[in-house]
Amino acid sequence: MILFPYDKTEFEITMTPEEAESALKENTNLYAVLPNTEYISESKNSIKARFKGMVDSNTFKLTRNIFYRNSFLPEIKGTITKTDAGANVCVVMKLNMLVMIIMIAWFVVTGFYSIKYLHEYLNGYISEYNSIYFTIFLFGYVIMIAGYKFEAYKAKKNLKDIFQTTR
């Protein structure tokens with residue numbers, strides 16, 4: 001069972017790697033790597049850019065450009081390689097490392113107390129099983145998966161539009 005969401009997708013496109021990189025740059029707000037620095041935008045439509053991140057020499061590291069908060073926004077890393085028919089775009093999406101660490105702490109604490117209370121109930125130490133910790137454990141997992149899948153679906157759709165592919 002995979003605890004954390006992860007997606008790996010490949011697109012076969014008819015564009016050359018240079019055209020694909022250019023199309024991705026047109027839809028990306030480039031940003032500085034250090035926190036608390038201003039965004040550096042090379043995009044003509046910086047407000048309507050679909051992604052923010054870095055695109056350089058057939059590799060990219062992006063996140064969707066959203067105007068709301070979602071801690072489960074996937075980080076998108078990818079490469080563009082030349083093929084006989086055009087190019088192959090390999091995309092990997094995963095959660096931010098800090099979010100994973102916080103969720104691990106969430107799962108450890110709620111999982112521990114879920115097992116502790118289940119053990120006490122089964123051995124007769126308590127007369128009634130309190131499932132609140134198990135419910136909180138499941139709630140955290142469902143929120144994480146739903147928040148991630150919602151954004152990953154939109155990111156894949158945007159990438160398909162940019163690279164003009166239907167697959």
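User: In which element is the place of W106?

Analyst: W106 sits in helix 2, where a helix is a DSSP run of H or I with at least four residues and a strand a run of E with at least two, both numbered from the N terminus. This is a predicted model, in which local features need pLDDT of at least 70 and side-chain atom pairs count only at pLDDT 80 or more, while totals for chains, interfaces and linings use all residues. Residues are numbered from 1 along each chain as its sequence is written, and side-chain values use heavy atoms, leaving out hydrogens and water.

User: How is W106 classed by its relative accessible area, and which residues does W106 touch?

Analyst: Under 20% relative accessible area is called buried, over 50% exposed and anything in between partly exposed (1.4 Å probe, protein chains only). W106 has a relative accessible area of 32%, so it is partly exposed. Not counting residues up to four places away in sequence, W106 touches I136, F137 and G140, a contact being heavy atoms within 4.5 Å.

User: At what angle do the axes of helix 2 and helix 3 cross?

Analyst: Axes are lines fitted to C-alpha atoms, for helices over the stretch in contact, with angles from 0 to 180 degrees between N-to-C directions. The axes of helix 2 and helix 3 cross at roughly 150° and come within 8 Å. Helix 2 and helix 3 are therefore roughly antiparallel to each other; angles over 145 degrees count as roughly antiparallel, under 35 as roughly parallel, 65 to 115 as roughly perpendicular and the rest as oblique.

User: Which residues meet where helix 2 faces helix 3?

Analyst: From helix 2, the residues are M103, W106, F107, T110, G111, Y113, S114 and Y117, and they meet Y133, F134, I136, F137, G140, Y141 and M144 of helix 3. The residues of this contact of helix 2 with helix 3 divide into 11 nonpolar, four polar and no charged, with Ala, Val, Leu, Ile, Met, Phe, Trp, Tyr, Cys and Pro as nonpolar, Asp, Glu, Lys and Arg as charged and the others, Gly among them, as polar.

User: How do the axes of helix 1 and helix 3 cross?

Analyst: The axes of helix 1 and helix 3 come within 9 Å and cross at roughly 125°, and that angle makes helix 1 oblique to helix 3. Here A20, A23 and L24 of helix 1 meet L159, I162 and F163 of helix 3. By class, the contact of helix 1 with helix 3 has six nonpolar residues, no polar and no charged.

User: Is F163 buried or exposed, and which residues is it in contact with?

Analyst: F163 belongs to helix 3, and its 1% relative accessibility means that it counts as buried. Setting aside its neighbours within four places in sequence, F163 is in contact with F11, I13, M15, A20, L24 and V89. F163 and A87 are 76 residues apart in sequence, with 9.9 Å from C-alpha to C-alpha.

User: Which residues touch the most other members of the largest nonpolar core?

Analyst: In soluble globular proteins, nonpolar side chains tend to be buried together. A nonpolar core is a set of buried Ala, Val, Leu, Ile, Met, Phe, Trp, Tyr and Cys residues joined through side-chain atoms within 4.5 Å. The largest one here has 30 residues, of which F60, I76 and F163 touch the most other members. The elements that each supply at least two residues of this core include strand 1 (6-13), helix 1 (17-26), helix 2 (97-122) and helix 3 (132-163). Helix 3 gives the most to this core, with seven residues.

User: What is phi in S57 and N58?

Analyst: Most residues other than glycine have a negative phi. S57, however, has a positive phi near 40°, and N58, which is not a glycine either, has a positive phi of about 65°. S57 lies in the loop between strand 3 and strand 4, and N58 is found in the loop between strand 3 and strand 4 as well. S57, at 52% relative accessibility, counts as exposed, whereas N58 is partly exposed with a relative accessible area of 25%.
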